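Here are some notes to read alongside the model. Please keep the sequence and the structure open while you go through the points.

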Amino acid sequence: MNGALLEVAAISVTFDGFKAINRLSFSIGPAELRAIIGPNGAGKTTFMDIVTGKTKPDEGQVLWGEVSRNLIGMNEARIARAGIGRKFQRPTVFEDQTVFANLLMALKNTRAPLAVLFYTPKRRDVARVEDLAGEIGLAEQIRRKAGELSHGQKQWLEIGMLLAQDPKLLLVDEPAAGMTLGEREHTADLLREAAKTRAVVVVEHDMEFVRRLDCKVTVFHEGSVLAEGSLDHVTRNQDVIDVYLGR
Amino acid sequence: MRTLFRTTPSLPVFLAVLVVFTLGVTVLSEAYGIGALSTSFIKTLGKTACLALVAIAMDLVWGYTGILSLGHFAFFGLGGYMIGMWLMYARTELIVLDSLAAAPLPPTPGEISDAIAGQIFGVVGAADLPMVWMFAHSFWAQMALVVLVPGLLALVFGWLAFRSRVTGVYLSILTQAMTLALSLYLFQNDSGLRGNNGLSGLQNLPGADAIPQATVSIWFFWASALALLLTYVVAAFVVSGTFGSVIRGIRDDEARVRFLGYPVEGFKLFVFVLTAVIAALGGALYYPQAGIINPAEIAPIASIYLAVWVAIGGRGRLYGAVIGACVVSLLSTWFTGGQAPDLPLGFYTVKWVDWWQVGLGFSFVLVTLFAPKGLGGLVDLVSHRLSPNRHGAALGPDTGALREKEAEQ
């Protein structure tokens, strides 16, 4: 596809003889929201691991950006600096530090050790962090330690940290897990808003949440793409009904 | 500096305590005061300040960055060796020149060098000055080596270990292996550093024979206190701000920091080398006060003690490391020095010289199990910096969800 931000071409990976990803191809444009659904073991998380450099595929290519740079072989930190942000299933924020420190650390800025040592936050950095805290609804908690936040608030903080990184592509793993209904609505809004300026890929089990995202859906099954299209389109697909929804 | 005072509330308190303590010791010293404290006790205090300094380094690398290095005493010892070489060479040179001055002909440089080598290496049956003593005649060159040799060792070791992503207990074992290998190497007579004899007579400053030890000891005490203060300031600077956030992030969740785009290995290497250099400078101040350094000083157990001090004092807080090092090493001096009264139990008399180690081991276990914040945690009781109460059943389905009691508050 022309003008794709991320193009994953025919990747495969095998763990101890088990083919976790089998000639999977996937691509997403620069400002697009996409949901990935699929049963357990379909390879959703492994797919994210490959794109972010945590797992090396046995074959295939991961091409990134306008110049189609190959991401395979780059380490996690370099891929993150290239503009791919990732949110894990379990909220992973730095619990011992304040909301402010968490966001400031994530803020798109210098990453080299010596430069970080002598870095002092500028006024616009502080303002940006405060804006972000407002956006994710944590303006009042900004001086509290992240460990004191509720589960939903931690999820938002992590989304806020991703936004602070200002990535071109956001990979989000099950953002709505364990959230209350109101929290889900807020999360869906945050993601839809983020997708206006960047690509966002959401892995989610919860159909209701996917419907709320109102976007193109890709169905994974046994390590490859089974179907792609609007939610209504894929839920009418007989293959999808057989492997996933029919159960 | 003003920002440091704001981000590190303990800094002004520490500064004040250290200044008052130093003045107090000076007033009580033999050289500049009423003489209530013996010279050997002042040396003990000066040495303790050096140990507190290296404990801060350990706290940086373990308490803040989460790298449980059990090899930092290797860097401490190397620093001591580097300064010891100059002290020994320069003093021997003076003695040799003195004795040769009586000879009818003025000595050639070769004769002087041979005589020095004979003096220093007679004990290990060698007569030539080994290559490693190349710069021993120059104070500044050896001072540079105090920083360079441990710094380079830490750089190479850390680069290899961190690049292969060795973490946790495996890294601890590697660091133990490093310090063990170094001490075994130095035990050999042909290592060029006098084998198990080590370097001795380091308390005698070259050309300062006229100055009594009472005065020298207080000078070293001042230097040690100043070095401790500077280390505290440097460490406070490193752990405050975003750098501190990143290294604590590495301690708590290394992978997450990577996904934020930070080169984790670079940060670890920086902290590892920085703390190695701090430890080396501590050693360079410690051993002239101890008077002797030998390979037993960098045996694996020494680095483990260092971890014990930091754990007992409370890791992850700079003053915790200082408190731990001071309390444990001073108590250790008291108990093993034979001053502690025996404890008669009727059927058995506890001699502290033998039982102190057991007591220290027990207190380490107890602190780890029941007071993970260590002695420094007592400060929280005063400053009301309490951790959130996270007991009670989780309200949400995932770990980290609000707990019942927390939600009621």
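Which residue in S10(A) does A:Val217 stand opposite?

1. The residue opposite A:Val217 is A:Gly229 in S10(A). Note that this is a predicted model.

2. The pairing of the two strands comes next. Strand S9 of chain A covers residues 216-221, and strand S10 of chain A covers residues 224-229. They pair in the antiparallel sense, over five bridges. S9(A) and S10(A) form a hairpin, with two residues between them. A:Glu222, in the turn, has a positive phi of about 45 degrees.

3. The largest nonpolar core has 180 residues. Those with the most contacts inside this core are A:Leu103 from chain A, and B:Val54, B:Ala55, B:Ile56, B:Met58 and B:Ala280 from chain B. Helix H11 of chain B, residues 264-290, gives the largest share of this core, 17 residues. As background, nonpolar side chains tend to be buried together in soluble globular proteins.

4. B:Met58 is one of the core residues with the most contacts. If its neighbours within four places in sequence are left aside, B:Met58 is in contact with B:His72, B:Leu306, B:Ala307, B:Val310 and B:Ala321.

5. The last point is the contact between the chains, which takes 29 residues from chain A and 28 residues from chain B. On the side of chain B that touches chain A, the elements giving two or more residues are helix H9 (241-252), helix H10 (254-259) and H11 of chain B. H9(B) gives the most to this side, with seven residues. By type, the residues of this side of chain B are 14 nonpolar, eight polar and six charged.

Technical notes: Residues numbered from 1 in each chain as written. Chains lettered and ligands numbered in written order. Predicted model: local features only at pLDDT ≥ 70, side-chain atom pairs only at ≥ 80, totals over all residues. Pairing = 2+ DSSP bridges. Helix = DSSP H or I, 4+ residues; strand = E, 2+ residues; numbered from the N terminus. Core = buried A, V, L, I, M, F, W, Y, C linked by C-beta atoms within 7 Å. Buried ≥ 20, exposed ≤ 12 C-beta atoms within 10 Å, placed from the backbone. Contact = placed C-beta atoms within 7 Å. Nonpolar A, V, L, I, M, F, W, Y, C, P; charged D, E, K, R; others polar.
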